[in-house]
Amino acid sequence: DPNWQANYTSSITEDQVTFYFGIVTCVAGLLGVISGMLLSKYLRPTYQWVDPVICGVSLLLSIPFLIGGILLAKDHLAWSYLVISVGMYFLNFNWSVAVDMTIYVITPARRATAEAIHLMMTHAIGEAGA
């Protein structure tokens, strides 16, 4: 690496990096889930087809922010946290909307099983890809 410095010391420790990243993830995730739910609740009476669009658009919006945040992390850590938090916000935007879609297409007698399978598969696929 041409930018490598022999006696470089960082102003932030590795433990602080993981702590701050956890805070960014939690706050952006909570805000994203709540925002997605509120947007769906607001638009669904007028546009009954809007839930899959919310999910798709939020995932597409999250990609450039997450990639940009990762690329910024080496040189601009604070900006990286900000950009990643926006990406995490959009990434979590679809969780409550996806659960709602599962619930309103499954008959009431099968909803608990369907929701359990939905959560199991999203966690398995999400964690397997990480």
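**Helix packing**

Modeller: H1 passes H3 in a right-handed crossing; a crossing is right-handed if the near helix is turned clockwise from the far one by less than a right angle, and left-handed if anticlockwise. The model is a predicted one, in which local features need pLDDT of at least 70 and side-chain atom pairs count only at pLDDT 80 or more, while totals for chains, interfaces and linings use all residues. Residues are numbered from 1 along each chain as its sequence is written, and side-chain values use heavy atoms, with hydrogens and water left out.

The axes of H1 and helix H3 (residues 77-92) lie 7 Å apart, at an angle of about 35°. Axes here are lines fitted to C-alpha atoms, for helices over the stretch in contact, and angles run from 0 to 180 degrees between N-to-C directions. On the H1 side the contact (heavy atoms within 4.5 Å) includes Gln16, Tyr20, Val24, Ala28 and Ser35; on the H3 side, Leu77, Ile84, Met88 and Asn92 are among the partners. By class, this contact divides into 12 nonpolar, seven polar and no charged residues. Ala, Val, Leu, Ile, Met, Phe, Trp, Tyr, Cys and Pro count as nonpolar, Asp, Glu, Lys and Arg as charged, and the others, Gly among them, as polar.

These helices belong to a protein with five helices and zero strands, in the order α-α-α-α-α along the sequence. Helices (H or I, at least four residues) and strands (E, at least two) are DSSP runs numbered from the N terminus.

Helix H1 (residues 14-43) also packs on H4, at an angle of about 50° and with the axes 7 Å apart. H1 and H4 are therefore oblique to each other; angles under 35 degrees count as roughly parallel, over 145 as roughly antiparallel, 65 to 115 as roughly perpendicular and the rest as oblique. Val33, Gly36, Met37 and Ser40 of H1 meet Trp95, Ser96 and Val97 of H4, giving four nonpolar, three polar and no charged residues.

H4 (residues 95-105) has a further partner in H2 (residues 50-72), where the axes come within 9 Å and cross at roughly 150°. H2 and H4 are therefore roughly antiparallel to each other, and the crossing is left-handed. Asp51, Pro52, Ile54 and Cys55 of H2 face Val97, Ala98, Met101 and Tyr104 of H4, a contact of seven nonpolar, no polar and one charged residues.

Leaving aside residues up to four places away in sequence, Val97 touches Gly36, Met37, Ser40, Asp51, Ile54 and Cys55. From Val97 to Ile54 there are 43 residues in sequence and 7.8 Å in space, C-alpha to C-alpha. Val97 is buried, with a relative accessible area of 0%; buried means under 20%, exposed over 50% and partly exposed in between, with a 1.4 Å probe and protein chains only.

Ser62 of helix H2 is also buried, at a relative accessible area of 2%. Beyond four places in sequence, Ser62 touches Gly87, Phe90 and Leu91.

Over the whole chain, 25% of the 130 residues count as buried. Of the contacts with a separation of 6 or more, 64% join residues 24 or more positions apart.
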